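Open the model in your viewer and keep the sequence panel beside it. This tour goes from the whole chain to single side chains.

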Amino acid sequence: MTVAGTTQTITMPVTIERIDKTTLKIVGTTPLKMTDFDIKPPAPRILGMPTIKTGDDIKITVEWLVVQKAGPAQPAQPAKAP
């Protein structure tokens, strides 16, 4: 996975669900850390307020629908005589 120009190898368990005859739904979630991708967790300052601190942990979720592409049209078969 590449985030903000930094590439890291990750693992993500996924589930695959058949939606119908031609469609699969693939879903996966994995925890990551912003610092693994050289991102400093934000700590915004708002005038007159204490500094807001955020954690390093994030969660990435992927949901992907895969639909089978229709194949080439099959030529019509001539009708058989009775």
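**Whole chain.** Show the surface first. The protein chain exposes about 7200 Å², and carbon and sulfur atoms supply 60% of it. Such areas come from the Shrake-Rupley method with a 1.4 Å probe; for residues, only the protein chains shown count as cover. This is a predicted model: local features need pLDDT of at least 70, side-chain atom pairs count only at pLDDT 80 or more, and totals for chains, interfaces and linings use all residues. Residues are numbered from 1 along each chain as its sequence is written, and side-chain values use heavy atoms, with hydrogens and water left out.

Switch to cartoon. The protein chain has 0 helices and 5 strands, in the order β-β-β-β-β. Both element types are DSSP runs numbered from the N terminus: helices are H or I with at least four residues, strands E with at least two. Of the 82 residues, 11% count as buried. Buried means under 20% relative accessible area, exposed over 50%, and partly exposed in between (1.4 Å probe, protein chains only).

**Strands 4 and 5.** Select residues 23–33, which are strand 4, then residues 57–67, which are strand 5. The two pair in the antiparallel sense over 11 bridges; pairing requires that DSSP finds at least two bridges between the strands. Start at T23: its bridge partner in strand 5 is V67. How many of the 11 residues of strand 5 are buried? The number is 0, so strand 5 lies largely in the open.

**T30.** Stay in strand 4 and pick T30. T30 is buried, at 8% relative accessible area. Its contacts (heavy atoms within 4.5 Å) include I10, T11, M12 and I58. The T30 side chain reaches the backbone oxygen of T11 at 3.1 Å.

**T6.** Move to strand 2, residues 6–7, and select T6. T6 counts as buried, with 14% relative accessibility. Its side chain makes a polar contact with the side chain of D38 at 3.3 Å. A polar contact is a pair of N or O atoms within 3.5 Å; within protein, one must be able to donate a hydrogen and the other to accept it, and residues adjacent in sequence count only if both atoms are side-chain atoms. T6 also touches M1, D36 and F37.

**Last stop: M49.** Find M49 in the loop between strand 4 and strand 5. M49 is exposed, with a relative accessible area of 52%.

Key. Lists of a residue's contacts leave out its neighbours within four places in sequence.
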